[in-house]
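Hi,

Here is the structure we talked about handing over. Please look through it, then read the notes below.

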Amino acid sequence: MIGRWSKPPVEDTEHPRGFDDFELKLGDIMRGERATIGKSLLDVQRELKIKATYIAAIENADPSVFETQGFIAGYVRSYARYLDLDPDWAFARFCQESGFAVAHGMSPQASTKRSGPARTAQKSTVSDPFANPNASFVPRGQSFMSRIEPGALGSSAVLFALLGVIGYGGWTVLQEIQKVKLAPVDQAPGVISEVAPLGGDQMVVAGMDESVSLATPSAEALDRLYRPQALDVPVLVPRDGPIASLDPREVGALAGESAAADRESILNDMSNLIADAALSGSEDSPVQVTAGDAPQLALVAVLPSWVRVQAADGSVIFEKILDAGERYVVPAMEQPPVLRTGNGGGVYFAVNGQAYGPVGSSGEVVKNVALSVADVSDGYGPVDLAANDSVAEMFRVAQNAE
């Protein structure tokens with residue numbers, strides 16, 4: 001009865017193990033992060049300037065590979081920052097898994113050189129696989145001949161051959177063009193064998209019949225041929241003064257004609273003046289030769305003002321900031337220029353001493369103002385300088401400056 005009520009022992013059956021059943025070490029995490037960013041040990045060595053053997057030793061938690069124990073903490077933290085991990089956590093895991101402890105700077109463990117049998121055994125057991133250039137995983141550079149394709153060699157040979165044929169053909173054509181060909185003739189040309197001296201009667205030519213003679217030119221004919229006559233008009237006329245001192249009415253081929261034309265012009269002017277005086281009906285009235293002075297238009301600034309004067313075609317004649325007491329005389333033109341100013345209250349007009357204005361109000365921009373005496377007189381009223389002392393003072397300053 002006791003045996004029947006007792007439960008049979010339950011055998012432990014194996015069940016599938018999950019990801020959490022395995023313990024991840026620091027090396028597994030680092031290798032996974034390195035694989036995630038797609039970097040090999042040689043890539044890390046090239047970028048961090050840390051030997052690939054040291055990187056592998058960090059992942060394997062093997063501090064015996066390092067020659068100097070004092071640099072292990074810096075290497076581990078640098079590699080952790082490279083993998084975007086917490087440096088302090090990574091170094092703590094490395095010390096926990098490898099049993100490494102930070103040694104004091106004066107302790108023998110922190111020494112750079114280690115001697116004795118332990119160092120000899122370590123050199124014999126630990127070797128740097130990346131120091132061997134013939135390792136299977138180290139990439140090797142391609143040779144020069146391996147990068148040359150056979151098809152490229154054939155194309156280059158054909159190109160060089162074509163260039164040689166073209167060059168040889170051009171050289172042959174050039175030689176044929178420059179070659180001088182002599183055509184044989186039945187009778188050689190005659191050669192003068194004897195020439196009679198000047199004044200002689202004849203000269204004999206070889207190859208010609210003796211009955212044929214050539215008349216020798218006389219000395220007078222040769223002298224006329226080789227000695228040209230002097231020019232009637234000299235080519236150069238010497239002078240001692242500058243060109244500006246020469247009067248074209250007195251020197252030159254047209255000197256006489258110019259003087260005659262001037263005299264004729266003067267006579268015509270005098271006759272016209274006499275005729276005008278006769279038509280006027282007053283013999284005692286003097287003849288006015290010159291016109292009277294035209295009225296003068298000027299811009300006077302009582303305050304600093306920017307002004308621009310433009311011609312009718314748009315070209316700028318004058319542009320400046322006129323200071324107080326400064327004036328500008330408008331030139332006389334066929335079509336009156338126009339004015340533009342940035343301070344209409346600071347600009348006045350002066351027509352033969354009479355003040356007109358101002359152009360506008362203070363601070364106002366005024367443009368397209370015709371600068372003619374008629375337009376200014378009609379468009380602006382005269383200014384009483386006696387009643388306006390400031391404007392009168394500026395006009396006085398401008399007059400004195402002129």
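The lining of the largest pocket has 11 nonpolar, 3 polar and 1 charged residues. That makes a lining of 15 residues. Pro 295, Pro 331, Ala 332, Met 333 and Val 373 lie nearest the pocket's centre. The space in this pocket comes to about 280 Å³. Bear in mind that this is a predicted model.

Next, a helix pair. H3 covers residues 41–48 and H5 covers residues 72–82. Their axes are 12 Å apart. The packing angle is about 105 degrees. H3 and H5 are therefore roughly perpendicular to each other, since angles of 65 to 115 degrees count as such.

Which residues meet between H3 and H5? From H3 come Val 44, Glu 47 and Leu 48. From H5 come Ser 78, Tyr 79 and Tyr 82. By class, this contact has 4 nonpolar, 1 polar and 1 charged residues.

Last, the aromatics. Searching the whole structure gives 9 aromatic pairs. One of them joins Phe 318 and Tyr 328, and the pair is stacked. The ring centres are 4.0 Å apart, with 10 degrees between the planes. Planes under 30 degrees apart count as stacked. Phe 318 belongs to strand S6 (residues 316–322). Tyr 328 belongs to strand S7 (residues 327–329). The pair therefore ties together parts that are 10 residues apart in sequence.

Best wishes

Notes
Residues are numbered from 1 along each chain as its sequence is written. This is a predicted model: local features need pLDDT of at least 70, side-chain atom pairs count only at pLDDT 80 or more; totals for chains, interfaces and linings use all residues. Side-chain values use heavy atoms; hydrogens and water are left out. Axes are lines fitted to C-alpha atoms, for helices over the stretch in contact, and angles run from 0 to 180 degrees between N-to-C directions. Helices (H or I, at least four residues) and strands (E, at least two) are DSSP runs, numbered from the N terminus. Angles under 35 degrees count as roughly parallel, over 145 as roughly antiparallel, 65 to 115 as roughly perpendicular and the rest as oblique. Contact means heavy atoms within 4.5 Å. Ala, Val, Leu, Ile, Met, Phe, Trp, Tyr, Cys and Pro count as nonpolar, Asp, Glu, Lys and Arg as charged, and the others, Gly among them, as polar. On a 1 Å grid over the protein atoms alone, a cavity is a set of points where a 1.4 Å probe fits but cannot get out, and a pocket is an open set with protein on both sides within 12 Å along at least five of seven lines; lining residues have an atom within 4 Å of a point. Grid points are joined across faces, edges and corners, and a volume is the space filled by probe spheres set on the points. Rings of Phe, Tyr and Trp (its six-membered ring) pair if their centres lie within 6.5 Å; planes under 30 degrees apart count as stacked, over 60 as edge-to-face and the rest as tilted.
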